[in-house]
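Reader: I'm new to looking at protein models and would like to go through one slowly. Could you start me off with a term I'll need?

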Amino acid sequence: MANEEQKNTDKAAGNQQQQRPNNQRNNNNMSPFSNMGNGGKNSMLWIYGILIVVFLVINFMDFGTPKTNRLSDVEFFTKLKNREISRVVVVNKESGEVFLNSNPDARNPSRMAKPDYIISIGSIDSFERRVDEIQQQFNMGDRASIDYETRHNYIGDIIGWLLPLVLLIGVWMFIMRRMTGGGGPGGIFNIGKSRARLFDNTGNKTNINFSDVAGLEEAKIEIREIVDFLKNPKKYTELGGRIPKGALLVGPPGTGKTLLAKAVAGEAGVPFFSMSGSDFVEMFVGVGAARVRDLFKEAKAKAPCIIFIDEIDTIGRARGKNVNAGVNDERENTLNQLLTEMDGFETNKGVIILAATNRADILDKALMRAGRFDRQIHVELPDITEREAIFKVHLKPIKVAPDIQVDFLAKQTPGFSGADIANVCNEAALIAARNNKKEVGRQDFLDAVDRIIGGLEKRNKIISIEEKRTIAYHEAGHATLSWLLEYAHPLVKVTIIPRGKALGAAWYLPEERQITTKEQIIDEMCATLGGRIAEQITFGKISTGALNDLEKVTKQAYAMVTYFGMSEKIGNISFYDSTGQSEYSFTKPYSGETAQMIDDEVRAIVDEVYKKSFAILWEHRAGLTKLAELLLEREVIFSDDLEKIFGKRTFPAAGEHKITESVE
C-alpha cells in the first residue's frame, strides 16, 4: 500500500514537471549573467567578482613583455665567461634581454628580435661593473655589447590608473548600500523611506484573526468597532458619528497587544501598515521625520487603511525630558512630525492609527489628547476565565492526556500573561518529550509551572546539614503563619530543594483581589517574616536567608505610609506620582521632618508585625518543630500535612495558587 502511494506521488510530481511552462523551465538553465540587469544581489556579486579577476590579471600579467625563460645571475655570468652571450639589451633599467651567439637576431637591433633569456637587474651600475670585470679578466676580444632602451606599456599604465579609481567607487557604493539597509531604488536617497510592512489581500497577508485571540473580550469589542467602520463606514456616518482617529493598546508585557493588532490586520480587509517605534530611529539627522512623512504619504494613497506602531514609547516619550539638554534631539523631531501627521492642519481621512506600549505613563500629553489617540484600550492580565480560554488555544497543537482539565491548569497560573501561558504549554511538551512520553500529562504541566516561576531544581547543590536544617525551619515558619492567619495566603506546597536562586520555595493559594485592606497587608507581612522569626525561636540566632523577606516587608510598609495613607501620623496623604513624569521635579516631595516621621512610622509598623508573628509562632512552636522535621524528612510537603498538624483551616479558601521564593 505504501509503495502504491509513493508511485502515485511520483507520478503526480512528474505530471507537474511536464505541465510546467517552457519559460519557467528555461529559466533554470539560464546563465548566471542573465540576472546582472535585474538590480538584485546576484548582479552586484558578479560585478565584484569581475573587478577582482581584472585586478588579479593586471597584477600577474606583464603586458608587452615577451614570454621568455628567465635566467639567474649565476647562470648569466657563467654564460658570459664561456663567451656564449652576444648582446644584452637593458630595458627601463629594470630587466635585461639576453641574446646568445647562436641567435640570428643577436646583431640586428633594427628588427623586433626575440631574446633567448630574460634577467632581472637590481642596480645598473653594479651590473655594468661586474660585466666589465669578467670580460677584462678573461681577455675577451669580442665583447658582449650592452644596449639601453626605454619602453612604455600604455595598456598597463591606463588600466593601472583606472583600476584603483573603479575599486574606490565600488567600495563606496557597497558601503552606501549597507548603510541604507541593502540599497534598492534610490540608493542612499532611499534612507528616508518608510520601513513599514504592508499587509493586504493582494500580497502579504496574515493568517491571524480574532478567533485566535483568546480572552481580551473588552479590548476586542472596541477593536471590532474600528474594523467594522472600515468595512461599513455609512453605518456610522449616516448618524453623524465619526470613528476615532487612533487607539492606544496599553498593558503589561505579554498580554497580547501585538497579537491583537495582527488580528486586526487579518480581519480588517484593508491595507495594514505595521512597523516598530525603533524603525524611525536612525543615526542621520532628519531621517525619523522623513520616514514619518513617507509612511503617512503611502497610507493616504491606500486609504482607508490602518497604521500600527509597536512600542510607540520609543519615539513618544514626553518632550523636554532629554538629559542632554541644549542639543538637537532627533527623537523629539520625529515625535513632532508624528503629531503633525496625526492631527495637523491637513486631516487624514480614512487613516486610523493603532499603537501599543506598556509605558503609557511616559508618553507625551500631546500624543494622548483627543483627536490623536482618542481611545486607550487597556489589555490587562487575564483572569481565571480568560486564562482557561487562552489555554484552549495553545493546547490545540499539543498531544495532551485525556485527564487534562483546562480549568485546573487555569487555577495553577494566577498572574500569568498570555505569553506566559504559551510558554507553560511549550515547556510542558518539552518536559514530556524529555521523559520519552507519548502525550503531555498533568504532572508535566505542574512541573512546567514550577520550572518557569521558581527555576530549575538544583538537587546537586552542596548544602551542609546545618544549612538544610535552617532552611527547613525557615520554610516551616512561613507555612505555619500562612495557615494560621486569616488574610494570609494559605500554603499549598513547600519544598527545601534549591530552585533557581532560592534555597527554598513555597506555593500559596492567593485570591485575586481588586483592592487590598490594611488588615490583609499586615497578615501578608506577618507570613513573610515567619521565616526569620522561626530561626530566632528555634536556634536563637538569625541568618542572611531572610534578605528577600525583609526587602518585601520594607517596601510594603513604605507603601502603606507614603502611597496608601494607612498611617495615622502622616494622615491621608499620598506621595505617589501615577503619571511617572515627575511633573513638579520633586526628588522627595516632602520636608526632612516629614521624612523622619515616615521612617518612624515604617519602623513602628514592622515592629508591630514582628511582635504579632512572634507571639503566634511561640504559641504554636510544637507544631512548627513537627512541620520542620517532616520537611527535613520528605523535602516536599503539602497542605494535607499542615491540616494534620494544625487542624483544618477555618477561614474561607481561595481558588488559585502561585509560587514564591522564600530563602535566598
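Author: Let us begin with the word "buried", which here means a relative accessible area under 20%, while exposed means over 50% and partly exposed lies in between. Please keep in mind that this is a predicted model.

Reader: Okay, so is D641 buried or exposed?

Author: D641 has a relative accessible area of 8%, and because the cut-off for buried is under 20%, D641 counts as buried.

Reader: And which residue does D641 form a salt bridge with?

Author: Its partner is R634, and the closest N and O atoms of the two are 2.8 Å apart. R634 is partly exposed, with a relative accessible area of 46%.

Reader: How many salt bridges are there by this rule?

Author: The count comes to 13 salt bridges. Among them is the one between K437 and D444, at 3.0 Å from N to O, where D444 is buried with a relative accessible area of 1% and K437 is partly exposed at 40%.

Reader: What about K300 and E341, which parts of the chain does that pair link?

Author: The side chains of K300 and E341 meet in a salt bridge at 3.9 Å, N to O. This pair links distant parts of the chain, since K300 sits in helix 10 (residues 287-301) and E341 in helix 12 (residues 330-343), 41 residues apart. K300 counts as partly exposed at 33% relative accessibility, whereas E341 counts as buried at 12%.

Reader: Switching topic, in what order do the strands of the open sheet come?

Author: Six strands form that open sheet in the order 5-7-8-9-6-10, and their pairing is mixed. The edge strands are strand 5 (197-199) and strand 10 (375-378), each of which pairs on one side only. On average, neighbouring strands of this sheet are turned by 20° against each other, with direction ignored.

Reader: How many bridges join strand 6 to strand 9?

Author: Five bridges join them, and strand 6 (residues 246-250) and strand 9 (residues 351-357) run parallel. As one example, L249 has A356 in strand 9 as its bridge partner.

Reader: Which strands does helix 9 lie across?

Author: Helix 9 (residues 257-268) lies across strand 6, strand 7 (272-276), strand 8 (305-310) and strand 9, and it runs at about 165° to strand 8.

Reader: Last one: where is W161, and is it buried or exposed?

Author: W161 is in helix 6 (residues 154-179), and W161 is exposed because its relative accessible area is 61%.

Definitions and conventions
Residues numbered from 1 in each chain as written. Predicted model: local features only at pLDDT ≥ 70, side-chain atom pairs only at ≥ 80, totals over all residues. Heavy atoms only, no water. Helix = DSSP H or I, 4+ residues; strand = E, 2+ residues; numbered from the N terminus. Buried < 20%, exposed > 50% of the residue type's maximum accessible area, 1.4 Å probe, protein only. Pairing = 2+ DSSP bridges. Axes fitted to C-alpha atoms, helices over the stretch in contact; angles between N-to-C directions. Contact = heavy atoms within 4.5 Å. Salt bridge = Lys/Arg side-chain N within 4 Å of Asp/Glu carboxyl O.
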